[in-house]
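Me: I'd like to learn how to read helix packing from a set of coordinates. Could you walk me through it with an example?

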Amino acid sequence: MKRTKIVAGNWKMNTSFEEGIALVKNLREAYNLISPKMIIMPPFTYLTEIKNIVDGTVISVGAQNCHQELKGAYTGEISPSMLKSCDIPFVILGHSERRQYCGETDILLAKKVNAALSQGLTPIFCVGEPLDVRNKGEQNDFVLNQFINGLFHLSANDFEKLIIAYEPIWAIGTGLTASPEQAQGMHAFIRQEIKNKYGEEVSASVSILYGGSVKGSNARDIFSKPDVDGALVGGASLDVVDFLKIANSF
Ligand code: PGA
């Protein structure tokens, strides 16, 4: 995907069916900008219903995860080919909550990325360091390793199809936000490493989102940084007014 301004809402395991439908209908009424591009990631169970509600509008939908195989005896799992068959174009991979609670490793995530790309999906691939790593000043090495092990096996052509999200774990759901300078510092580092690996053209074309307690009140400062292309929003994406405020902060 070409470098684009994006505001993505990760609903995580929140909302009832009714609440989710109401939320998306309110967004549909209120949002009609092509830029930033709005993507929402509801729970799997509501995905197709919500997709139908936003079809023909500027809002896109994505899934919060997918399996590394395309089909088979994997009870309870959802494959990228199933998402494709429902016309769901985006999928979050490597979110820190799945790394932490579901034991997802870079090796597994590399397989998930391959499977998702094989179906023409656009992965929103998350990286980010825990607090102790940041406190030791080792965040760049930590994030670079996530790239090396999870993504740098890809060809330049495939890498260009990704969206990257930098989400420092210490800032997710905590109310602590990376300062705009901290976000810019890491985004610039990531872009430089992509350039080292794939060259200028690829690094200039990849969208890098920031995630971690983004709200209407802090989005403008974060978005003012040159290497920040948008946000992956958790908690604030469940609040129509605040999510729209974020989207309107560019
Ligand atoms: P948060 O979550 O905005 O609630 O911190 C961000 C995310 O996990 O994507």
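Reply: Happy to! Let's start with handedness: a crossing is right-handed if the near helix is turned clockwise from the far one by less than a right angle, and left-handed if it is turned anticlockwise. Keep in mind that this is a predicted model. Here, the crossing of α1 past α2 is right-handed.

Me: What else describes a pair of packed helices?

Reply: In general, two packed helices are described by the angle between their axes and the distance between the axes. For α1 and α2, the axes come within 10 Å and cross at roughly 20 degrees. That makes α1 roughly parallel to α2, because angles under 35 degrees count as roughly parallel.

Me: Which residues of α1 and α2 meet?

Reply: From α1, the contact involves F17, G20, I21, V24, K25 and R28. Facing them in α2 are E49, I50, I53 and V54.

Me: How do I read the two sides of a single helix?

Reply: An α-helix has 3.6 residues a turn, so residues three or four places apart point the same way. Now look at α1, where G20, I21, L23, V24 and L27 are buried. Seen down the helix axis, the buried residues of α1 fall within an arc of 160 degrees, so they line one face. The face turned away from that buried side carries the exposed residues E18 and E29.

Me: What covers the buried residues of α1?

Reply: The cover includes the strands β2 (37-41) and β3 (59-63), along with the helices α2 (47-54) and α12 (240-247).

Me: How does α12 look from its own side, mostly covered or mostly open?

Reply: Mostly covered, with six of its eight residues buried. Those in α12 are V240, D242, F243, L244, I246 and A247. They pack against β1 (6-10), α1, β2, α11 (219-223) and β8 (230-233).

Conventions
Residues numbered from 1 in each chain as written. Predicted model: local features only at pLDDT ≥ 70, side-chain atom pairs only at ≥ 80, totals over all residues. Heavy atoms only, no water. Buried < 20%, exposed > 50% of the residue type's maximum accessible area, 1.4 Å probe, protein only. Helix = DSSP H or I, 4+ residues; strand = E, 2+ residues; numbered from the N terminus. Arc of directions from axis to C-beta. Contact = heavy atoms within 4.5 Å. Axes fitted to C-alpha atoms, helices over the stretch in contact; angles between N-to-C directions. Parallel < 35°, antiparallel > 145°, perpendicular 65-115°, else oblique.
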